[in-house]
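I set down each thing I looked up in turn.

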Amino acid sequence: MSDFLQSYGFLIVTLIQAGLLGLSLYFPLMAGQLSLASPGFYALGGYVAAIMLTNPAFAGLRDALGNGIFPLTWLAAGLLCALAGVIVGVPALRLRGIYLALATIAFVEILRVVSLNLAITGGAIGIFGIPQAFGFQDRWQYILIFGPLLALVLAFTYMLQKSRVGRAFRAIREDELAADAMGVPPTQYKVLAFVIGAVIAGIVGSMSAPFLNTWNAKQGTFDASIAILAFVLIGGSRSMWGPVVGGALLTAVPELLRFLQDWRLVINGLVLVIASLYLPQGIVGALGKLRKSPPPARPPVAPAPDAKGGTL
Amino acid sequence: MELSSFVQNLMNGLAIGSVYAIFALGYTLVFSILGIINFAHGAVFTLGAYFTYTLAVGQFENNGLLKGINIFPDGSPFSGSAVMFGLATILGACAAGAVAVLIERLAFRPMRSRGADPLLALVSSLGVALVIVNLIQLLVGAEIYNFPSDAYGEVRPALSFQIGDKVVIIRTVQLIIFAVSLVMLAVLGYVIGRTKVGKALRAVAESPSTASLLGISVDRFILITFFLSGFLGGLAGTLVGTAFGVAGPYFGVVYGLKGLAVIVLGGLGSIPGAVAGGLVIGLAEAFVPAEYSAYKDAVAFALLFVILLVRPQGLLGRNLIQKV
């Protein structure tokens with residue numbers, strides 16, 4: 001077991017991390033908002049943690065709290081990202097569809113250029129030598145903090161979907177104007193969904209900074225926006241399992257293809273093209289369809305033999 | 001600001017702005033027809049520069065797939081001249097257009113015929129961009145190639161004139177870029193505004209289903225749009241490559257993003273808007289004071305953010321219609 005964790009621990013943590021980032025984008029999508037801001041909040045959360053853990057200004061706080069500093073960085077990153085989420089979300093959520101996506105791309109790019117040029121973020125070099133969380137010796141030990149976070153976020157998502165708020169999100173997603181007419185205030189719920197996503201991305205960032213040991217402007221880029229969007233769309237954007245499955249799978253693909261060496265990024269691109277052509281509902285959506293009985297309007301189709309075994 | 005530096009910035013801004021404009025036109029043409037953003041456009045831009053380099057300069061030194069191809073052998077009347085480079089630029093842009101057509105056939109058309117979510121077209125076009133960029137890196141290498149300094153042959157010496165006690169220098173490359181962009185805009189404006197093809201294109205942009213009822217072959221005009229889009233993107237790639245002398249596999253990524261800012265600023269789907277947006281962003285970048293030049297890349301996105309909040313339909317865009 002420990003051998004297994006030694007070899008694959010880093011990968012497992014990365015898969016969980018990808019799933020969490022996918023979920024951070026899933027929340028705004030639940031309310032019908034395509035936001036690509038997750039890498040921005042992820043980068044912001046990472047910088048908060050990196051600065052709190054390395055900057056001399058926080059030395060006294062670190063000495064006083066010991067390992068308690070780590071949960072504090074999560075809290076600080078979450079709060080700051082919530083605040084940033086409101087500041088960006090309130091004006092940006094007046095926009096719809098592709099316009100919102102472009103505004104959030106602009107947000108991520110502006111944040112990237114600013115972090116490249118500030119002294120406190122270490123400029124182009126970034127911040128390095130970030131101490132390991134709780135004095136972890138091995139990278140796989142980060143499963144101990146990322147795993148519970150994933151469980152927590154999934155439980156939260158499950159409960160949210162069953163709640164009044166979750167139903168309001170869905171109503172806005174299906175038809176914003178109708179939802180508004182029924183007394184569901186779209187703006188408040190849209191901002192709420194956006195902020196939840198921002199907080200999750202920020203906390204993931206604050207855990208990732210010690211995990212990666214170094215933090216720089218490359219952490220939050222347009223490429224990351226797209227990667228995370230692909231997690232959700234390829235996994236399935238209509239179920240909370242979609243982003244998790246998609247994130248894990250798309251992160252694993254380049255690793256599994258390592259034997260193809262340089263070709264793996266090309267194949268990764270092809271996977272995106274083919275999956276968006278042939279799995280329009282995402283992987284989870286396609287599996288869900290297999291399990292469901294065919295709709296009555298269509299001519300009856302014999303159920304596929306493996307119809308029950310369709311879980312991952 | 002002194003008059004001389006004002007004129008200098010103005011010239012620099014117009015040159016780069018006009019390249020932004022023709023690059024962004026490629027985006028906006030596809031958007032106006034299909035209502036989607038082709039994220040592979042930045043990769044097509046890179047390809048344009050590479051194709052031209054391959055045709056004009058000849059070989060990539062190490063591992064080039066296209067090693068040794070040179071349309072004008074040494075000693076022929078065209079070799080090494082501006083004529084040859086111009087021809088290579090046009091052919092390179094045509095090749096980029098052909099790639100764009102291929103992208104449409106392989107990544108967009110199957111999706112359209114399935115009636116898939118437009119978001120998936122976005123992911124699919126990003127997948128294409130990933131494939132192209134990494135194929136370039138694999139087949140040609142990750143090195144950065146510079147266009148030769150005598151790419152435009154004998155018209156090399158720069159224009160310079162004096163204002164007050166300072167000299168304003170306008171590089172020949174900048175003049176050429178500006179002139180080529182103006183010609184392209186005029187031609188495109190003519191084709192779309194005055195010709196039968198343009199009329200059909202506008203009809204398809206307005207409503208594909210109505211256009212097809214009127215006997216317009218929608219698929220064919222979508223292919224034409226993609227060719228034009230790729231041609232403009234590839235041409236912009238060569239022009240930027242000659243002006244700034246850099247082309248690596250990731251050459252087009254920044255331009256791809258800035259192009260988005262340009263078309264949103266001008267108004268998504270609006271052709272005059274893309275031109276206005278390109279010039280505004282080019283000029284805004286040129287006038288960033290030297291001490292803040294590190295923030296230059298953020299200017300386009302700051303403008304994008306502001307315009308989205310103040311006037312989401314862009315400078316010259318049509319009002320957004322809300323469906324009830």
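How far apart do the end C-alpha atoms of residues 265-287 of chain A lie, and what percentage of the span is helix? I found 26 Å between those end atoms, with 87% of the span in helix and 0% in strand. I note at the outset that the model is predicted.

**Entry 1: the annotated spans of chain A.** I consulted UniProt, where an unreviewed entry lists residues 265-287 of chain A under "transmembrane region", along with others including 6-29, 41-61 and 191-212. I then examined residues 191-212 of chain A, for which the model gives 100% helix and 0% strand. The end C-alpha atoms of that span are 31 Å apart.

**Entry 2: the annotated spans of chain B.** For chain B I again turned to UniProt, whose unreviewed entry gives the "transmembrane region" label to residues 119-140 and 259-282, among others. Residues 119-140 of chain B are 95% helix and 0% strand, and 32 Å separates their end C-alpha atoms. I recorded 83% helix and 0% strand for residues 259-282 of chain B, with the end C-alpha atoms lying 11 Å apart.

**Entry 3: where the chains meet.** I next looked up the contacts between the chains, and found 40 residues of chain A touching 39 residues of chain B. The area buried between them is about 3,700 Å², and carbon and sulfur atoms give 82% of this. On the side of chain A, Tyr99(A), Leu102(A) and Leu277(A) lose the most area to chain B, and together they account for 17% of what that side buries.

I looked for polar links as well. I found zero salt bridges between chain A and chain B, and one residue pair in polar contact, both at pLDDT 80 or more.

Which helices of chain A each supply at least two residues to the side that touches chain B? I listed α4 (69-92), α5 (97-117), α10 (222-235) and α12 (264-278). The largest share, twelve residues, comes from α5(A). Sorted by class, this side of chain A comprises 32 nonpolar, four polar and four charged residues.

**Entry 4: a single residue.** Lastly I selected Thr157(A), which lies in helix α6 (residues 143-162) of chain A. Is Thr157(A) buried or exposed? I classed Thr157(A) as buried because its relative accessible area is 0%, and the cut-off for burial is under 20%. Beyond its neighbours within four places in sequence, Thr157(A) is in contact with Leu23(A), Tyr26(A), Phe27(A) and Met240(A).

Terms used
Residues are numbered from 1 along each chain as its sequence is written. Chains are lettered from A and ligands numbered from 1 in the order in which they are written. This is a predicted model: local features need pLDDT of at least 70, side-chain atom pairs count only at pLDDT 80 or more; totals for chains, interfaces and linings use all residues. Side-chain values use heavy atoms; hydrogens and water are left out. Helices (H or I, at least four residues) and strands (E, at least two) are DSSP runs, numbered from the N terminus. Buried means under 20% relative accessible area, exposed over 50%, partly exposed in between (1.4 Å probe, protein chains only). Contact means heavy atoms within 4.5 Å. Buried area is the accessible area (1.4 Å probe) that two parts lose on being put together, summed over both. A salt bridge is a side-chain nitrogen of Lys or Arg within 4 Å of a carboxyl oxygen of Asp or Glu. A polar contact is a pair of N or O atoms within 3.5 Å; within protein, one must be able to donate a hydrogen and the other to accept it, and residues adjacent in sequence count only if both atoms are side-chain atoms. Ala, Val, Leu, Ile, Met, Phe, Trp, Tyr, Cys and Pro count as nonpolar, Asp, Glu, Lys and Arg as charged, and the others, Gly among them, as polar. UniProt positions are given in the numbering used here, feature names are shortened, and annotations may be inferred rather than shown by experiment.
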